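Open the model in your viewer and keep the selection panel at hand. This tour goes stop by stop.

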Amino acid sequence: MKYNMRIMARKSLSVLGIIAFAAVAVEVPGLIGRQIPGLTRQGRSSLLAAQQPPAQRWLAAADQNMQTDGVVTEFPLPTPGSGPTTIALAPDGTLWFTQSAGNRIGRMNPDGTGIREFPLPNPGSAPRIIALGADGNMWFSEHTGNRMGRITPDGQISEFPIPTPDSQPRAIALGADGNIWFGEFAGGKIGRITPQGVITEFSIPTPDSGPRALAAGPDGNIWFSEFKAGKIGRITPQGAVTEFALPRPNSGPGDITAGADGAMWFVQLSGTMDGRKPDGNRVARITLDGTVTEYPIPSQSGSPINIAVGPDRNVWFTKGNLVGRVTPDGVVTEFPLPAGSGGATGITAGSDRQPPTRLTNRLWFTASSANKIAFLQFK
């Protein structure tokens, strides 16, 4: 079904002691703009123009030192309780996202128009991670459906059963070999699926290690987190696996991505996750030769969830009601989201678990509990 969102108000919040004003947006379908405390530029008025933000565009090499004014632009989804989870960007800038609770794949134009939702053929599949494939289609994991899925630009869905039963596929990424790679959290394997749908599985040396997330590295290999084992793994296109033990065995490594500095960055989970209580709450960096550095996150409640390189080439992460930024030297800064934007989960500026050569001027994230897709604009 196709939906057109109605005009909504755009407003700012009080930032750094500056008085905030409210403005009503004109002809901005489905858009709400609100300020993140601490992200407005110094000395700038927080009065927001009642206009649509600059158009999304792909960044060039000359686009350096970009900043955000802290305005969160939100697009509520039409179906309640969809549970938007992760986002990927198509070459034309279209957003594709999984709806884990709604059992659908969604598509939206960058301006919030043209929202379409595509139900999966099998109920209860719980689509989790989505990524652009080498074939121009979007690929996604079905966490409880035990399948890999593919959706064409016009919404045609194909599904491919995973040989290992109840493997719980989670994160996926496009490899340098042109195949989609995925982790089997319960199966203890890394999988590879060709554009034609042929699946090959590779066992991880550490049994039941819980591969939770993976990403393509600048070395042409796939890097993955082993949540239960407290390790980071690396697998070559031929399937050879190397594992690197983390400094703290119960650190709970989660989502991972390639940084702009040539290293891999990942979050370490905290709280109760998958029956365990990891002692994480950090963002960490691992060089391609396996040297690990950990950076504590200031806030103690909640857990970091997803990680991505932003338009400013820093690493960003989601954590409940906030987003965080990590500079290359490990300085962590957290920014609370405006009320009603909670449950920040997936995050992307376009690189989508690949080396960040493909970035836009927007940092997109899902507000899962608020049932919204949102972004921060960078200039």
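**Whole chain**

Start with everything selected, and keep in mind that this is a predicted model. Colour by secondary structure: you get 32 strands and zero helices. Now switch to a surface view. The accessible surface of the chain is about 14,000 Å², and carbon and sulfur atoms account for 53% of that. Of the 379 residues in the chain, 61% are buried. Take the contacts between residues at least 6 apart in sequence: 50% of them join residues at least 24 apart.

**A four-stranded sheet**

Select β22, β23, β24 and β25. They form an open sheet in the order β22-β23-β24-β25, paired antiparallel. Which strands are at the edges? They are β22 and β25 (292-296), and each pairs on one side only. Look along the sheet: the twist averages 25° from one strand to the next.

Zoom in on β24 and β25. Five bridges join this antiparallel pair. For one of the bridge partners, pick A284 and go across to E294 in β25. Show the backbone for this view, because strands of a sheet pair through backbone hydrogen bonds.

**S270**

Stay in the sheet and select S270. Its strand is β23, residues 264-270. Is S270 buried or exposed? The relative accessible area of S270 is 11%, under the 20% cut-off, so S270 counts as buried.

Show side chains here. The side chain of S270 comes to 2.8 Å from the backbone oxygen of G302. Leaving aside residues up to four places away in sequence, S270 touches P278, G280 and N281, and also G302, S303 and P304.

**Salt bridges around the sheet**

Next, select Lys, Arg, Asp and Glu side chains. The whole structure holds 13 salt bridges.

Go to R248 and D279. They form a salt bridge, with the closest N and O atoms 3.5 Å apart. R248 is in the loop between β21 (241-245) and β22 (253-258), while D279 is in strand β24 (residues 279-286), so the pair ties together parts 31 residues apart in sequence. Compare the two ends. R248 is buried at 19% relative accessible area, whereas D279 is partly exposed at 45%.

Move along to R285 and D261. Their side chains meet in a salt bridge at 2.8 Å, N to O. R285 belongs to strand β24 and D261 to the loop between β22 and β23, so this pair ties together parts 24 residues apart in sequence. How accessible is D261? D261 has a relative accessible area of 34%, which means partly exposed.

**A salt-bridge network**

Leave the sheet and select E159 and R147. This salt bridge has its closest N and O atoms 3.5 Å apart. It links distant parts of the chain: E159 sits in strand β13 (residues 157-161) and R147 in strand β12 (residues 147-151), twelve residues apart. R147 is buried, with 16% relative accessible area.

Which residues does the network link? Salt bridges connect E142, R147 and E159 in a network. Keep the three side chains on screen as the last view.

Methods. Residues numbered from 1 in each chain as written. Predicted model: local features only at pLDDT ≥ 70, side-chain atom pairs only at ≥ 80, totals over all residues. Heavy atoms only, no water. Helix = DSSP H or I, 4+ residues; strand = E, 2+ residues; numbered from the N terminus. Buried < 20%, exposed > 50% of the residue type's maximum accessible area, 1.4 Å probe, protein only. Polar contact = N/O pair within 3.5 Å; in protein donor to acceptor, adjacent residues only side chain to side chain. Contact = heavy atoms within 4.5 Å. Salt bridge = Lys/Arg side-chain N within 4 Å of Asp/Glu carboxyl O. Areas by Shrake-Rupley, 256 points an atom, 1.4 Å probe, with all protein chains shown as cover. Pairing = 2+ DSSP bridges. Axes fitted to C-alpha atoms, helices over the stretch in contact; angles between N-to-C directions.
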